[in-house]
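Hi,

Here is the model I said I'd pass along. Have a look at it first, and then read on for what turned up.

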Amino acid sequence: MNKLVSRFVKDESGATAIEYGLIAAGIAVAIITAVNGVGTALSTKFGSISTSLK
């Protein structure tokens, strides 16, 4: 039993998976923020073009 507990404490595969998950979540948030900003800018630009064409 003691050997099992020490092996469990030394195992870092779960921590690595959590770290990769956090990195992926951070990248996803950055992409969503960038796309949202570009979308807002494009919407404003196309609205301006549409108004000037009328």
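Accessible areas here come from the Shrake-Rupley method with a 1.4 Å probe. On that basis the chain exposes about 5000 Å², and carbon and sulfur atoms supply 70% of that area. Keep in mind that this is a predicted model.

Overall shape

How many helices and strands does the chain have? There are two helices and zero strands. Helix α2 covers residues 13-53. The C-alpha trace spans about 80 × 10 × 5 Å along its principal axes.

Distances along the chain

Val-29 and Ser-48 are 19 residues apart along the chain, and their C-alpha atoms are separated by 29 Å. For Ala-34 and Gly-21, 13 residues apart in sequence, the C-alpha to C-alpha distance is 20 Å. Then there is Asn-36, which sits 33 residues from Lys-3 in sequence and 51 Å from Lys-3 in space, again C-alpha to C-alpha.

Burial

What share of the 54 residues counts as buried? The figure is 0%. To count as buried, a residue needs under 20% relative accessible area, while exposed means over 50% and partly exposed is in between. Some examples from helix α2:

- Val-29 is found in helix α2, and it counts as exposed because its relative accessible area is 52%.
- Asn-36 is in helix α2 too, and with a relative accessible area of 52% it is likewise exposed.
- Ala-34 also lies in this helix, but its relative accessible area is 44%, so it is partly exposed.
- Ile-27 is another helix α2 residue; its relative accessibility is 49%, so it counts as partly exposed.

A nonpolar patch

Ile-27 comes up again here. Together with Tyr-20, Ile-23, Ile-31 and Val-35, Ile-27 forms a nonpolar patch on the surface. The accessible area of these residues together is about 540 Å². Why can Ile-27 be part of a patch at all? Patches are made of residues with over 30% relative accessible area, and Ile-27 has 49%.

If you load the model, I'd start with Tyr-20, Ile-23, Ile-27, Ile-31 and Val-35, the residues of that patch.

Cheers

Definitions and conventions: Residues numbered from 1 in each chain as written. Predicted model: local features only at pLDDT ≥ 70, side-chain atom pairs only at ≥ 80, totals over all residues. Heavy atoms only, no water. Patch = residues over 30% accessible without salt bridge, like charges linked within 9 Å, V, L, I, M, F, W, Y side chains within 5 Å. Salt bridge = Lys/Arg side-chain N within 4 Å of Asp/Glu carboxyl O. Helix = DSSP H or I, 4+ residues; strand = E, 2+ residues; numbered from the N terminus. Buried < 20%, exposed > 50% of the residue type's maximum accessible area, 1.4 Å probe, protein only.
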